[in-house]
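Biologist: Hi! Could you walk me through this structure in plain words?

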Amino acid sequence: MARSIVIVPAPTANGDLHVGHLCGPFLAADVYARYRRAAGVRTLFGSGVQETQTFVVSTARRLGIAPESLTERAEEQVRSSLAALGISIDGFAPGDKGFRDFLCEFLGRLHAEGVFELRRMSFPYLPRTGEYLMEAYVQGICPTCLADSCGGVCESCGHHINPGELREPRSTEHPDEELTVRSAEILVLPLERYRERLRAHYLRPETVMRPHMRQALGEMLSRPLPDFPITFPTGWGVPAPFPEVPGQAINPAVEAIPAGIHTAAVAAAATGHPPQAVDDLWLADGVTEVVYFMGFDNTHPFALVGVALLMAFGDRYLRPTMLTNEFYELEHEKFSTSRGHVVWAQELAAETPRDIGRFYLASTSPEHQRTNFSRSALATLAGTRLIQPWNRLAEALNRWYDAQNPPAGWTLPVSPAGRTAAATMISRCTGQAELSHYSLNRIAETITAQLARLAELAARFESGDQPATSERAGDLYHEVETFLRAAAPVLIDLADEVLGATAPHLLDGAAEARQVHPRRLPRLADLEVAAPQRPAPPAA
């Protein structure tokens, strides 16, 4: 039986989700998972939070709280935000003991086979505190693209930066203190060993990925790959279970693929089908697909390091497909929690009915380039493309329905032409949800086009331009119901209100009905979105 495993990499447990998280990976993954379920495919959708990144420590220090308290609060916030926007997670996997045990077991098997090697690597070092600096602890200039970056992955070009390679490094917490460079023996993955296999895997034309990821991987794989740190000389994170590096922690970036394997098992258990072993669902079986929805800056740790780790096991595991997104901006500037330049997920959910929010985010999802969130644009786009045409359609059909004074259980016939039109709608919507060219933008465009067409049909039907026969009415009602089934992965609440809250709204055979039960249709609330009133800054 076909099976889909859909994963969004766990966001860092240092705060709540903002609309950039939603508009990028989470909504794309949710809509894809809903379409797969509607097609009758057993689908597991999982995510969680990552507690081991040093960004947790740096944020906690800035807030003056314990890192453990921050992660606990962030987990609750992320769970609540996903629910508020209708993200249909099956399994939510925090970095608990179960995950840590699996991570150590997964890496331990590779360690026992000699996959990792001991190397001396340079790190920026803060003499006063005796800290080696990496990830969130250090900022500098990316040696590949010259953008400002931390000591990990460059958000601008996607290349990995070993901390000692940063130009002009400075401590993020103590930027005025002079740093030195100190080396430490750590375990590394000799990534160059896997370069040719990675090239063969990724640089085939049939490999599904978006153009920016393909370009970046081509660039990375065109030159020798640097050793990748498996452990760091730091105390925060999962303690490394390797005797060569006492007191070190596992590099959080190494968790990428093991976390996905564990998350799939958590999702399966949550749906009543726990695997016998944590990694059973990832075994290469010819019928399972694994799809990651993630930001472009995750390319190196997931697509190179993570897949190289899988390759080190031979052919045991599946190779995941990875669909990336670019940054989502707010009023044409990057989101910034420190400056208060942010719209939180729950803020959007409180201001806007979630179907409207989901439709707007799908329409503006940053699939190939940076796109922009704007409250005024949300009101305009959702109003003209969704709310107004749906309400014209609903009001026209409701006036006709009320004029008929229909008896209970009334049905109308559906003609072959009506069934053909309905099947075409399903094909158009689901065609944009195929993995090979998956696009939230085009799904939203298809919803817009079909809704405008149905609203025009209803206007002509009501005006008498077309004979108001029972068969023509039956065709129109059937097309409306089919439209809602096809659009249900985005318009989750409207579909449930009209069709009934049966999840998923299966698409197989949905266009073949010979009769339809007409009904009154709900209106969508008119939307006026204004910027929320924020407290004034304190007086000087």
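Biologist: Let's start with charges. Which residue forms a salt bridge with Glu117?
Modeller: That partner is Arg193, and the closest N and O atoms of the pair are 2.5 Å apart. Before we go on, please keep in mind that this is a predicted model.

Biologist: Noted! Where do Arg193 and Glu117 sit in the chain?
Modeller: Arg193 is in the loop between β9 (180–189) and α5 (195–202), while Glu117 belongs to strand β4 (residues 117–126). The pair links distant parts of the chain, 76 residues apart.

Biologist: And why does Arg193 count as partly exposed?
Modeller: Because its relative accessibility is 40%, and partly exposed covers what lies between buried, under 20%, and exposed, over 50%. Glu117 is partly exposed too, with a relative accessible area of 24%.

Biologist: How many salt bridges does the structure hold?
Modeller: There are 30 salt bridges in the structure. One of them joins Arg375 to Glu347, with 3.0 Å between the closest N and O atoms.

Biologist: Are Arg375 and Glu347 buried or exposed?
Modeller: Both residues are buried.

Biologist: OK, another pair, please. Which residue meets Arg354 in a salt bridge?
Modeller: Asp493 does, through its side chain, at 2.7 Å from N to O. Since Arg354 lies in helix α10 and Asp493 in helix α15, the pair ties together parts that are 139 residues apart in sequence. Arg354 counts as partly exposed at 27% relative accessibility, and Asp493 also counts as partly exposed, at 29%.

Biologist: Which residues are linked in a network of salt bridges?
Modeller: Glu105, Arg109, Asp279 and Arg316 are linked that way.

Biologist: Back to helix α15, then. Which of its residues are buried?
Modeller: In α15 (residues 492–499), the buried ones are Ile492, Leu494, Ala495, Val498 and Leu499. Seen down the helix axis, these buried residues fall within an arc of 165°, so they line one face of α15.

Biologist: What covers the buried residues of α15?
Modeller: The cover includes α1, α10 (354–363), α11 (375–404) and α14 (470–487).

Biologist: And what comes just after α15?
Modeller: Gly500 does, and it takes a positive phi of about 100°.

Biologist: New topic: empty space! How would anyone find it?
Modeller: Rolling a probe the size of a water molecule over the atoms shows where empty space is left. In this structure there is one cavity of 30 Å³ or more.

Biologist: How much space lies in the largest cavity?
Modeller: About 60 Å³. It is lined by 14 residues, and the closest to its centre are Gly24, Ala28, Arg210, Phe293 and Asn325. The elements giving two or more residues to that lining are α1 (19–38), β13 (288–295) and β14 (321–325).

Biologist: What is the lining of the largest cavity like by class?
Modeller: Its residues are seven nonpolar, five polar and two charged.

Biologist: Last one: where is Arg79, and what is it in contact with?
Modeller: Arg79 is in helix α3 (residues 67–84). Leaving aside neighbours within four places in sequence, Arg79 is in contact with Phe92 and Pro94. Arg79 is partly exposed, at a relative accessible area of 40%.

Methods
Residues are numbered from 1 along each chain as its sequence is written. This is a predicted model: local features need pLDDT of at least 70, side-chain atom pairs count only at pLDDT 80 or more; totals for chains, interfaces and linings use all residues. Side-chain values use heavy atoms; hydrogens and water are left out. On a 1 Å grid over the protein atoms alone, a cavity is a set of points where a 1.4 Å probe fits but cannot get out, and a pocket is an open set with protein on both sides within 12 Å along at least five of seven lines; lining residues have an atom within 4 Å of a point. Grid points are joined across faces, edges and corners, and a volume is the space filled by probe spheres set on the points. Helices (H or I, at least four residues) and strands (E, at least two) are DSSP runs, numbered from the N terminus. Ala, Val, Leu, Ile, Met, Phe, Trp, Tyr, Cys and Pro count as nonpolar, Asp, Glu, Lys and Arg as charged, and the others, Gly among them, as polar. Buried means under 20% relative accessible area, exposed over 50%, partly exposed in between (1.4 Å probe, protein chains only). Contact means heavy atoms within 4.5 Å. The arc is that of the directions from the helix axis to the C-beta atoms. A salt bridge is a side-chain nitrogen of Lys or Arg within 4 Å of a carboxyl oxygen of Asp or Glu.
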